[in-house]
Amino acid sequence: MLKIASLTTNEAAQCLAQCSRDTRYRAQAQGMARTVEQHWMQIEDLSSLRVVEAVDSLESFASWGMKALPVVNRLDNILVERQEVLKYTGNVSLWTSAVAAFARMDHFEAKWPMVALELARD
């Protein structure tokens with residue numbers, strides 16, 4: 001947690017992928033997720049994240065019940081901007097995982113679920 005500021009955005013996202021809610025590591029994992037969330041609120045550019053990292057980050061935040069709207073909205077924008085990448089990915093569970101994460105956070109203003117619905121129709 002002390003070294004988050006020295007990590008790249010991608011490295012922090014990889015940490016988040018391992019920090020979903022787990023009773024074995026509750027305090028440490030939640031502290032890591034909250035530290036990444038606070039760090040991402042301070043930095044402006046999350047565009048270096050890959051779509052998989054953005055989805056993993058959303059799932060991690062949702063698993064802890066975190067609702068940092070500025071960060072979540074920026075991750076939502078990344079997914080919408082890169083919908084072509086997601087459209088042709090072989091892993092359709094990325095679409096549904098992101099939608100489920102938004103639903104668990106009660107973030108009904110997210111743009112990605114409607115985009116995912118359109119992709120599913122195609």
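These legends describe an overall view and close-up views of a predicted model.

**Figure 1. Overall fold of the protein, a predicted model with seven helices and zero strands.** From the N terminus on, the elements run α-α-α-α-α-α-α. The radius of gyration is 14 Å, close to the 14 Å that the globule rule gives for 122 residues, so the protein is as compact as a globular protein of that length. Along the principal axes, the C-alpha atoms fill a box of roughly 45 × 30 × 25 Å. Of the contacts with a separation of 6 or more, 77% are between residues 24 or more positions apart. Buried residues make up 43% of the 122. The accessible surface comes to about 6900 Å², and carbon and sulfur atoms account for 53% of that area.

**Figure 2. Close-up of the aromatic pair formed by tryptophan 40 and phenylalanine 61.** The count of aromatic pairs in the model comes to one. The ring centres of tryptophan 40 and phenylalanine 61 are 6.3 Å apart and the ring planes stand at 90 degrees; because an angle over 60 degrees counts as edge-to-face, the pair is assigned to that class. Tryptophan 40 belongs to helix H2 (residues 26-42) and phenylalanine 61 to helix H3 (residues 51-63), so the pair ties together parts that are 21 residues apart in sequence. Both tryptophan 40 and phenylalanine 61 are buried.

Figure 3. Threonine 9 has a relative accessible area of 13%, and because the cut-off for a buried residue is under 20%, threonine 9 counts as buried. With neighbours within four places in sequence left aside, the contacts of threonine 9 are Trp40, Ile43, Asp45, Leu46, Ser48 and Leu49.

**Figure 4. Close-up of helix H6 (residues 93-104) and its packing.** Helix H6 has 12 residues, which at 1.5 Å a residue should span 16 Å; the C-alpha atoms at its ends are 16 Å apart, in agreement with that value. The buried residues of H6 are Leu94, Trp95, Ser97, Ala98, Ala101 and Phe102. An α-helix has 3.6 residues a turn, so residues three or four places apart point the same way. The buried residues of H6 pack against H3, helix H4 (69-81), helix H5 (83-87) and helix H7 (112-121). Aspartate 106 follows H6 and has a positive phi, near 55 degrees.

Methods: Residues numbered from 1 in each chain as written. Predicted model: local features only at pLDDT ≥ 70, side-chain atom pairs only at ≥ 80, totals over all residues. Heavy atoms only, no water. Phe/Tyr/Trp six-rings, centres within 6.5 Å; stacked < 30°, edge-to-face > 60°. Helix = DSSP H or I, 4+ residues; strand = E, 2+ residues; numbered from the N terminus. Buried < 20%, exposed > 50% of the residue type's maximum accessible area, 1.4 Å probe, protein only. Expected span 1.5 Å × (residues − 1). Contact = heavy atoms within 4.5 Å. Rg over C-alpha atoms; globule rule 2.2 N^0.38 Å. Areas by Shrake-Rupley, 256 points an atom, 1.4 Å probe, with all protein chains shown as cover.
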